[in-house]
Amino acid sequence: MRKNIVAGNWKMNMDLETGIQLFNEIQQLLKEEVNGDQEVIICSPYIHLSSLSQLVNPNTNLSIGAQNCHQADSGAFTGEVSASIIASTGAAYVIIGHSERRLYFSESNSLLAQKLDTVLKNGMAPIFCVGETLEQRNNETYFEVIKEQLTEASFHLQGVEYRKMVLAYEPVWAIGTGLTASPEQAQEIHSFIRGLLADKYNQDLANNMTILYGGSCNPKNASELFAKSDIDGGLIGGASLKARDFVDIIKALNE
Ligand code: PGA
């Protein structure tokens, strides 16, 4: 059975103090209100990783993740952070291939392939994001775009490695815009992705991969999205910065 996951992507928000406050609020609400078997992941700025890891209550299904890493193991890359440094903080996940990284930092599929490798090699799980732009949605090339992103960045992996990853479908036109993919649009892509995985690997792997939806997911639309058979949770940006909203989205997974 695949895992249900809600992951928060704080992006470049929250200083250390307000980040710790938010984390503690989320953890408290989880303890009081949530008792499903879902996993919750908080992807904070690098600076917070070590502090947040130490605050995790071992009785909760809560993990910490980073939002990016450098592809090399170590070396003269001023200002960069490697997967092994991230792993040493206690983080268990790293978001790879977020559309903001692809767009603002020109991250290509071949670079992302190297980043997936280094995250896996360091014993963590990538949350690997794919998704089309508005233009690609409108000119109906989105199936090819998503197939290319998956193929070029991730299909070099062996099945045993692939199973450790989490995938996220994030239509770029829905991120931070208030526009959400309809549950039917999201389901269509999630099911398409599962089909690609079945063709490349096998049906068992495809059935067991967790595929998250991301893009203006909020407490109002989460239930409808999560009700779809191939949507196993969410990657949440803006709404993960408010403990109440984030925990309400998590509760929507258990409805
Ligand atoms: P959003 O961001 O929920 O603010 O749209 C999602 C994401 O970028 O992961």
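These legends describe close-up views of a predicted model.

**View 1. The barrel is closed and has 8 strands.**
The strand order is S1-S2-S3-S4-S5-S6-S7-S8, and the pairing is parallel. From one strand to the next, the twist averages 25°. Strand S5 covers residues 125-130, and strand S6 covers residues 166-169. The two run parallel, joined by 4 bridges. Cysteine 129 has alanine 168 in S6 as its bridge partner.

**View 2. Strand S8 (residues 233-236) pairs with S1 and with S7.**
Strand S1 spans residues 5-9 and pairs with S8 in the parallel sense over 4 bridges. Here isoleucine 5 stands opposite glycine 233. Strand S7 spans residues 211-214 and is joined to S8 by 2 bridges, again in parallel. Tyrosine 213 stands opposite glycine 234 of S8. Are the residues on the two faces of S8 buried or exposed? Gly233 and Leu235 are buried on one side, and Gly234 and Ile236 are buried on the other. Both faces of the strand are therefore covered, with buried meaning under 20% relative accessible area.

**View 3. Helix H1 lies across strands S2 and S3.**
Helix H1 takes in residues 16-33. Strand S2 covers 39-43 and strand S3 covers 62-66. The helix runs at about 150° to S3.

**View 4. Helix H12 packs its buried residues against several elements.**
H12 comprises residues 243-253. Its buried residues are Ala243, Phe246, Val247, Ile249, Ile250, Ala252 and Leu253. Which elements do the buried residues pack against? Their partners are S1, H1, S2, H11 and S8.

**View 5. Glutamate 33 and lysine 251 form a salt bridge.**
The closest N and O atoms of this pair are 2.8 Å apart. Glutamate 33 lies in helix H1 and lysine 251 in helix H12, so the contact ties together parts that are 218 residues apart in sequence. Glutamate 33 has 28% relative accessibility and counts as partly exposed. Lysine 251 is partly exposed too, with a relative accessible area of 30%. Side chains of opposite charge can pair when their charged atoms come close. The structure holds 16 salt bridges.

**View 6. Lysine 115 and glutamate 107 make a salt bridge.**
Their closest N and O atoms are 2.7 Å apart. Why does lysine 115 count as buried? Its relative accessible area is 3%, and the cut-off for buried is under 20%. Glutamate 107 is buried as well, with a relative accessible area of 7%.

**View 7. Arginine 194 and aspartate 232 meet in a salt bridge between distant parts of the chain.**
The N to O distance is 2.9 Å. Arginine 194 sits in helix H9 (residues 183-200). Aspartate 232 sits in the loop between helix H11 (222-226) and S8. The two residues are 38 residues apart. Both arginine 194 and aspartate 232 are buried.

**View 8. Leu103, Tyr104 and Phe105 make a nonpolar surface patch.**
Tyrosine 104 belongs to helix H4 (residues 99-104). Its relative accessibility is 60%, so tyrosine 104 counts as exposed.

**View 9. Serine 106 has a positive phi.**
The phi angle is about 50°, although serine 106 is not a glycine. Most residues other than glycine have a negative phi. Where is serine 106 placed? Serine 106 is in the loop between H4 and helix H5 (109-121). Serine 106 counts as exposed because its relative accessibility is 60%, with exposed meaning over 50%.

**View 10. Glutamate 140 also has a positive phi.**
The value is about 60°, and glutamate 140 is not a glycine. This residue is in the loop between helix H6 (134-138) and helix H7 (142-154). With 60% relative accessibility, glutamate 140 counts as exposed.

Key:
Residues are numbered from 1 along each chain as its sequence is written. This is a predicted model: local features need pLDDT of at least 70, side-chain atom pairs count only at pLDDT 80 or more; totals for chains, interfaces and linings use all residues. Side-chain values use heavy atoms; hydrogens and water are left out. Two strands pair if DSSP finds at least two bridges between them. Axes are lines fitted to C-alpha atoms, for helices over the stretch in contact, and angles run from 0 to 180 degrees between N-to-C directions. Contact means heavy atoms within 4.5 Å. Patches are made of residues with over 30% relative accessible area and no salt bridge: like charges are joined within 9 Å, nonpolar side chains (Val, Leu, Ile, Met, Phe, Trp, Tyr) within 5 Å. Accessible areas come from the Shrake-Rupley method with a 1.4 Å probe; for residues, only the protein chains shown count as cover. A salt bridge is a side-chain nitrogen of Lys or Arg within 4 Å of a carboxyl oxygen of Asp or Glu. Buried means under 20% relative accessible area, exposed over 50%, partly exposed in between (1.4 Å probe, protein chains only).
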